[in-house]
Structure formats: C-alpha cells, structure tokens
Amino acid sequence: MKIGDKILIGVLLIISLVSAYFTYDKALSRTGTDVVIEVNGSKYQELPLNVDKTVTIHNGQHLNVVEIKDGKVRMKEANCPDQICVRTGWIDKEGQQIVCLPNRVVVRVTGGKKGEVDDVVY
C-alpha cells in the first residue's frame, strides 16, 4: 500500500465519520410535542408534552403511573417485577419510548411539525 492510498483511506474515513455524526445528531435532536400511551397494543391516550399531567393506568391487576412534566415524560410507578420501565427515566426526543412488557404499556414521544417537509432531495 502506497502513501497515497493511506491518505485516501484516511480522508474517506474522516468524511464518513463527520457524515455519520451529523446524521445521528439530526435524527435524535428533535424534541417531541406529544406523548402516545398504548395499552395492549391500542391507543390509550395522546397528550401534549408541554402540559404537566399524571396519568394512572389500571389494566386488570397491572398498574402504571405516567408523569409528564417540564416537556419530558417518564414512567413514575409500575407494579411490574423488573421495574425496567421506571428505571428508563425521562424521555423527550421524538421516537424515544418506554416499554413495560409485563404490563403491556408503551409510552412513545411523537411530534414534529405535522405536514412539514423534512428534507427535499433533487
């Protein structure tokens, strides 16, 4: 391998890393506007993320408490055995979600500006 090959590989590697950084940063930097709560695969409630509220979900013997505060949402309480959903913590970015599998509850952040075009490619 000649010195020119090494330089070319280095430049391509740097370009790839910079492109990956900006793509990743753009995809995960959108703050959501709404929270969708699903129970047993069906929509339970859709709430705005900018209004503080606590939602208690009773599903048979299962109990979940979802808290929306300061533009973020978390699973405040759950009576599931592993408590993974509670330990997930606060989420606020579009596409993030909290899943409580034993209780079949999913809390997902959605949003963005509806009807607005994300990107245009020619």
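User: In this predicted model, what share of the contacts with a separation of 6 or more comes from residues 24 or more positions apart?

Analyst: Contact means heavy atoms within 4.5 Å. In this chain, residues 24 or more positions apart account for 34% of the contacts with a separation of 6 or more.

User: Which elements make up the chain, and in what order do they run from the N terminus?

Analyst: The chain contains 2 helices and 7 strands. From the N terminus on, their order is α-β-β-β-β-β-α-β-β. The radius of gyration of the chain is 20 Å, well over the 14 Å given by the globule rule for 122 residues, so the chain is more spread out than a compact globule. Along its principal axes, the C-alpha trace spans about 70 × 35 × 25 Å.

User: Is asparagine 59 buried or exposed?

Analyst: With a relative accessible area of 19%, asparagine 59 is buried, because the cut-off is under 20%. Asparagine 59 belongs to strand 3, which covers residues 53–59. Leaving aside residues up to four places away in sequence, asparagine 59 touches Val39, Asn40 and Asn103.

User: How many positive and negative side chains does the chain have, and how far apart do the centres of the two sets lie?

Analyst: There are 16 positive and 15 negative side chains in the chain. The centres of these two sets lie 3 Å apart.

Note on methods: Residues are numbered from 1 along each chain as its sequence is written. This is a predicted model: local features need pLDDT of at least 70, side-chain atom pairs count only at pLDDT 80 or more; totals for chains, interfaces and linings use all residues. Side-chain values use heavy atoms; hydrogens and water are left out. Helices (H or I, at least four residues) and strands (E, at least two) are DSSP runs, numbered from the N terminus. The radius of gyration is taken over C-alpha atoms; the globule rule is 2.2 Å times the number of residues to the power 0.38. Lys and Arg count as positive and Asp and Glu as negative; His and the chain ends are not counted. The place of a charge is taken as NZ of Lys, CZ of Arg, CG of Asp or CD of Glu. Buried means under 20% relative accessible area, exposed over 50%, partly exposed in between (1.4 Å probe, protein chains only).
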